[in-house]
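Okay, thanks for coming, everyone.

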Amino acid sequence: MSYFRNSEEWQWLFKNAFDWEGVLPVYYPSYPTPEGWNNLLEVQAFFKEMLEQICKWCEEKVAPRAALLDQQGPGEIENGLMISNELLETLYKEARELGLYGLTTGRNYGGLELPIALNFMAFAFIGRACLASSSQLGFYSGIADMLERFCSPEDCQRLIPKILNGELSGSMAMTESDAGSDIGSLQTVAVLQPDGTYHIRGNKIFITNAGGGLSFVLARIQGEAEGLSGISLFLVEQFVNGKQNYCVIKNEHKLGMRGSFTCEIMFDNSQAKLVGEKNQGLSMMFHLMNQSRVGVGGQGLGIMEACLDYVKKYALERKQFGRPLMDLPLFKRNFEQWQVECDAFRALFLDSLNSFTLYHRLDLKKRNTGELTEREQEIFDHATQLTRQLTPLLKYYGAESALEISKKSIQALGGHGFMLDHSVERWHRDSFGPVVYEGTSQIQALMVLKDL
């Protein structure tokens with residue numbers, strides 16, 4: 001059964017909840033006849049076909065490998081490098097062949113420049129197939145977007161095509177052993193060099209995909225203020241002039257998402273470039289973090305859908321008291337309640353993509369051209385405010401709901417749910433990741449309260 005094509009909820013939301021009339025004119029000035037299409041129906045058909053192809057790949061390739069990837073892990077750390085195993089390399093190759101890395105990247109770099117909402121929908125389906133795989137793949141398009149938005153044209157032309165071709169990916173290096181949620185306590189130091197570059201010293205922990213080739217690193221320039229106000233952002237390449245520039249020294253052994261790399265990085269006078277203005281690093285890193293938080297909402301949705309689909313099939317086949325579990329009134333009521341939670345979150349997810357997509361597109365235009373039309377500025381201001389309000393809710397609600405529904409799915413299978421023969425135990429282990437990374441649920445609640 002197709003995750004997308006056979007879901008009435010997804011089909012209805014795709015057609016009716018996504019703001020086609022609002023989003024498409026921002027991407028295609030010639031709308032309502034965007035280049036390459038004659039009308040809205042053709043645009044929708046094109047996007048739908050892309051999602052169906054991605055779903056087919058998820059169902060036929062990604063999902064069947066998920067359990068084995070969980071057992072084997074993503075690979076090894078050797079000589080300071082992250083060495084992916086055959087399972088992960090196959091995932092990367094297939095994703096590149098699908099054109100997944102360049103869905104939303106600018107055409108001048110070889111991308112398709114499609115609305116980022118399509119990317120988030122795709123990653124919700126990948127997360128449903130395998131959460132660890134979705135995390136590894138997310139650091140291709142996300143890093144390309146950071147380069148396109150904040151780095152020099154020269155670095156963009158040099159690096160983004162390599163990302164789209166699968167030669168490079170990256171990471172965001174924020175967390176330290178004594179600076180988790182308290183980012184202002186970070187100890188990583190950047191020292192200015194005579195040639196205008198910087199040397200980075202310090203260690204980062206819990207870094208997803210740490211050895212992808214590039215890292216956006218938060219550090220404090222030597223002598224700058226303590227706390228959040230003195231933090232800058234740096235672009236650090238893993239190899240400079242053919243020499244290794246930083247080392248991946250450990251891959252963590254995790255409760256869940258065992259098929260993804262979560263690493264410690266050591267920077268030892270690693271050559272780096274300042275991104276943007278000094279002491280403005282947090283605001284730029286928050287762009288990537290907020291984009292990741294929307295992605296975490298999609299991961300939560302993927303876990304919920306996977307669990308409920310599995311439980312439904314089990315409950316229709318498993319008989320107790322002379323009839324299928326699903327025919328027992330209490331079980332049926334509980335299952336319907338879980339399904340309502342999933343359906344409600346899916347609607348919130350699609351609705352949130354409207355504002356984030358508008359914000360994402362117009363923010364890039366403003367940074368590239370320095371100006372928006374009066375109407376674009378109005379749309380941008382409204383979308384930015386909605387994005388600020390909805391993003392922490394999306395991350396909080398999606399992660400917490402996935403945790404709860406995956407737990408109940410284990411209970412729904414009874415003793416079978418506790419056995420490794422069934423995938424629900426893996427989905428529950430995986431569900432703890434989204435609750436913690438990209439800011440804990442409590443941090444999301446504080447962000448919402450701050451605005452209110």
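**A walk through the model**

Glu89 sits in helix 4. Its C-alpha is 9.6 Å from that of Gly75, 14 residues apart along the chain.

Some housekeeping before I go on. This is a predicted model, where local features need pLDDT of at least 70 and side-chain atom pairs count only at pLDDT 80 or more, while totals for chains, interfaces and linings use all residues. Residues are numbered from 1 along each chain as its sequence is written, and side-chain values use heavy atoms, with hydrogens and water left out.

So, the whole chain. We've got 12 helices and 13 strands; those are DSSP runs numbered from the N terminus, H or I with at least four residues for helices, E with at least two for strands. The C-alpha trace spans about 80 × 50 × 45 Å along its principal axes. What does the radius of gyration look like for 452 residues? The protein chain has 22 Å, and that agrees with a compact globule, which would be near 22 Å; the radius is taken over C-alpha atoms, and the globule rule is 2.2 Å times the number of residues to the power 0.38.

Buried residues make up 56% of the 452. As for contacts, meaning heavy atoms within 4.5 Å, residues 24 or more positions apart account for 72% of those with a separation of 6 or more. The accessible surface is about 19,900 Å², and 52% of that belongs to carbon and sulfur atoms; that's Shrake-Rupley with a 1.4 Å probe, and for residues only the protein chains shown count as cover.

Now, a couple of buried spots. Thr105 is in the loop between helix 4 (86–98) and helix 5 (116–129), and at 2% relative accessibility it counts as buried. Leaving out residues up to four places away in sequence, Thr105 touches Gly111, Leu112, Glu113, Ala144, Glu148, Ile160 and Leu164.

Leu233 is in strand 7, residues 231–237, and is buried at 0% relative accessibility. Which residues does Leu233 touch, not counting those up to four places away in sequence? Among them are Met146, Phe216, Leu218, Leu274 and Met284. Leu274 is 41 residues from Leu233 in sequence, yet their C-alphas are 6.1 Å apart.

Cysteines next. How many disulfides does a search of the whole structure find? It finds 0, where a disulfide is a pair of cysteine sulfur atoms within 2.5 Å. Cys247 is partly exposed, with a relative accessible area of 26%, whereas Cys263 is buried at 0%.

Phe206, in strand 5 (residues 198–208), has a phi of about 60°. Met257 has phi near 50°; Met257 lies in the loop between strand 10 (247–251) and strand 11 (262–275), and is buried with a relative accessible area of 5%.

Note on methods
Buried means under 20% relative accessible area, exposed over 50%, partly exposed in between (1.4 Å probe, protein chains only).
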